[in-house]
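Hi everyone, thanks for coming. Please have a look at the sequence and the model on the screen, and then I'll walk you through it.

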Amino acid sequence: MKQTRLCQLLGIEYPIIQAPMAWITCAELAAAVSNAGGLGTLGPEAGAKTQEEAKDLDIVERCLREQIRKVKTLTDKPFAVNFPIGWGKQKIFNERRITVAIEEGMPIAIVSMGSPELFTQKLHDAGIKVIHIVVSVEQARKAEKAGVDAIVCIGYEAGGHIGADELPTFVLVPQVVDAVEIPVIAAGGIADARGLVAALALGAEGIYMGTRFLATYECNAHPTMKQAVIQAGDTSTIAFGRRTGISRCLKNAYTARHMEMEASGATFDELREYERSGDDLGGWRRIPAALVDGNITHGSAACGAIAGMINEIISAGEVIRRMVEGYEAVLAKLR
Ligand SMILES: Cc1cc2nc3c(=O)[nH]c(=O)nc-3n(C[C@H](O)[C@H](O)[C@H](O)COP(=O)(O)O)c2cc1C
């Protein structure tokens, strides 16, 4: 497979990154991806067993230390940790998480939901490579100016939080490639070698996949969530929540109610309240309710539009192997 600048930058064999997914991208998955020649990533809540643990800063810190140490026992290859910076309490959590990850020798940081100016220098001073998440050309330029090493472009097809301007991967990637000098990584709607070749043709130097890695043995998502992904069809997901922060999830009772509320003029606070709690969640918040507890009816079941093409649960190594083999086959067909 083509060796891109991203492979050299990160010290990986194939330009394939496993995207972070909150609670369900743990040490086992990250190490399996890195061992197969890609780049594995720990999610922000990796290692937390209960919702209470994920809210306690001391436990969050301990979980991250344990997860990084575990990845290092499972692989000697590079891996990444995700920091969705956010604001308020979330920002404070991520400041602490960054300090811990530096102490534990994390080689690569994937920074989302925050300014690239905040932590890039601190991470670079510690010898860490920085990948920043963007959803527009303007954000990409800003990230490059702040000195990040590479950019991930998240298209509208992607699972989880997406850009308010709704730019699809096919539109966003080539425009960002033309606007910056640093390596660009394509995300959103990629699950097989056809997507990989298409992304490279658009000028990307790597790909970033979440939903495909959700349906793997090593991912610690609830079995019901994995089944929902492999049973999903082409129209099973929806992008919703334009007033409170758009994201793509499996269509369910929660997304239907949220959209009804928005259409009938619910305020920001009312929508936020509905997003955070519900009698139908067994005490969980929406995201872990779906991902960890398997409540795919009332939980926020983040999932990419490409789920319709993912029909079986396989190992993370097999995902990479099929990508690498398929890459040559797709190119041969094109020729
Ligand atoms: C279940 C799920 C959870 C996610 N959680 C996070 C997260 O914690 N942090 C983050 O930066 N992105 C998160 N994302 C977005 C992914 O990192 C990535 O951008 C997306 O999955 C790429 O699109 P794809 O699903 O089409 O592969 C999540 C996506 C999914 C599907």
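**A walk through the model**

Let me start with Ser34, which counts as buried because 25 C-beta neighbours lie inside 10 Å. For that word, a residue is buried if 20 or more other C-beta atoms lie within 10 Å of its own, exposed if 12 or fewer, and partly exposed in between, with C-beta atoms placed from the backbone. Before I go on, please keep in mind that this is a predicted model: local features need pLDDT of at least 70, side-chain atom pairs count only at pLDDT 80 or more, and totals for chains, interfaces and linings use all residues. Residues are numbered from 1 along each chain as its sequence is written.

So where does Ser34 sit? Its place is in helix α2. Helices (H or I, at least four residues) and strands (E, at least two) are DSSP runs, numbered from the N terminus. Leaving out residues up to four places away in sequence, Ser34 touches Leu39, Gly40, Thr75, Lys77, Pro78 and Phe79. Touching here is a contact: two C-beta atoms, placed from the backbone, within 7 Å. Ser34 and Glu53 are 19 residues apart in sequence, and their C-alpha atoms are 27 Å apart in space.

Now the whole protein. There are 15 helices and 11 strands. The radius of gyration is 19 Å, close to the 20 Å that the globule rule gives for 335 residues, so the protein is as compact as a globular protein of that length. That radius is taken over C-alpha atoms, and the rule is 2.2 Å times the number of residues to the power 0.38. Along the principal axes, the C-alpha atoms fill a box of roughly 50 × 45 × 35 Å. Buried residues make up 50% of the 335 residues. Of the contacts with a separation of 6 or more, 62% are between residues 24 or more positions apart.

Next, the ligand. How many residues surround it? The answer is 30, and the closest are Ala158, Gly159, Gly160, Gly210 and Gly304. A residue is near a molecule if its C-beta atom, placed from the backbone, lies within 6 Å of it. β3 (79-84), β9 (206-209) and α10 (211-214) each supply at least two residues of this shell, and α10 gives the most, with 3 residues. By class, the shell has 18 nonpolar, 10 polar and 2 charged residues. Here Ala, Val, Leu, Ile, Met, Phe, Trp, Tyr, Cys and Pro count as nonpolar, Asp, Glu, Lys and Arg as charged, and the others, Gly among them, as polar.

On to helix α15. The buried residues of α15 are Ala316, Val319, Ile320, Met323 and Tyr327, and they pack against β1 (16-18), α2 (27-35), α9 (193-201) and α10. α15 also bends by about 25° at Gly326, the angle between axes fitted to the seven residues ending there and the seven starting there.

α9 has its own buried residues: Gly195, Leu196, Val197 and Ala199. They pack against α8 (169-179), β8 (184-187), β9 and α15. Just after α9, Gly203 takes a positive phi of about 105°.

Last stop, Tyr156. This residue lies in the loop between β6 (150-154) and β7 (160-161). Buried or exposed? Tyr156 counts as buried, because it has 21 C-beta neighbours inside 10 Å. Beyond residues up to four places away in sequence, Tyr156 touches Ile162, Gly163, Glu166, Leu167, Pro168, Gly188 and Ala239.
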